[in-house]
Amino acid sequence: MTFEAIRLIRANHPSLPGHFPGAPLVPGVVILDEVIAALAEWRQNSQLSGIRMVKFLAPLQPEQAFTISLSLRNEHAAEVNFCCRAEDRVIVEGQLEVAWGAE
């Protein structure tokens with residue numbers, strides 16, 4: 001079971017001016033917000049209960065599109081694996097811990 005979403009963080013995002021002025025990079029927490037939003041879009045009955053693991057492997061530039069891939073081993077697995085790619089390279093990967101609500 002998988003889901004993909006394409007996201008882009010605009011250059012006018014409020015977190016960018018203080019995150020390396022003159023050479024802005026998208027903060028990791030902003031990318032994670034998009035991962036969590038994609039999870040909610042895919043599985044509306046899910047509730048994030050934790051982030052088990054996350055690795056930031058490469059920077060993301062403002063206005064650079066990236067793809068979020070989410071996957072489950074089975075319908076009610078407590079872990080959702082995620083991977084973010086920009087221009088065919090992995091920029092972030094990790095695992096979310098989720099609880100499932102009523103369908």
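Predicted model: local features only at pLDDT ≥ 70, side-chain atom pairs only at ≥ 80, totals over all residues.
## The overall fold

The chain has one helix and five strands. Reading from the N terminus, the order is β-α-β-β-β-β.

How does the radius of gyration of the chain fit with a compact globule? For 103 residues, such a globule would come out near 13 Å, and the chain has 14 Å, so the two agree. Along the principal axes, the C-alpha atoms take up a box of roughly 45 × 25 × 20 Å.

Now for who touches whom. Take the contacts with a separation of 6 or more: 67% of them are between residues 24 or more positions apart.

Of the 103 residues in the chain, 38% are buried.

## A pair of rings

Searching the whole structure turns up one aromatic pair. The partners are Phe-3 and Trp-42, and their rings are stacked: the centres are 5.8 Å apart, with 15° between the planes. Phe-3 belongs to strand E1 (residues 2–7) and Trp-42 to helix H1 (residues 28–42), so the pair ties together parts 39 residues apart in sequence.

Are these two residues buried or exposed? Phe-3 has 17% relative accessibility, so it counts as buried, because the cut-off is under 20%. Trp-42 also has 17% and counts as buried.

Note on methods: Residues numbered from 1 in each chain as written. Heavy atoms only, no water. Helix = DSSP H or I, 4+ residues; strand = E, 2+ residues; numbered from the N terminus. Rg over C-alpha atoms; globule rule 2.2 N^0.38 Å. Buried < 20%, exposed > 50% of the residue type's maximum accessible area, 1.4 Å probe, protein only. Contact = heavy atoms within 4.5 Å. Phe/Tyr/Trp six-rings, centres within 6.5 Å; stacked < 30°, edge-to-face > 60°.
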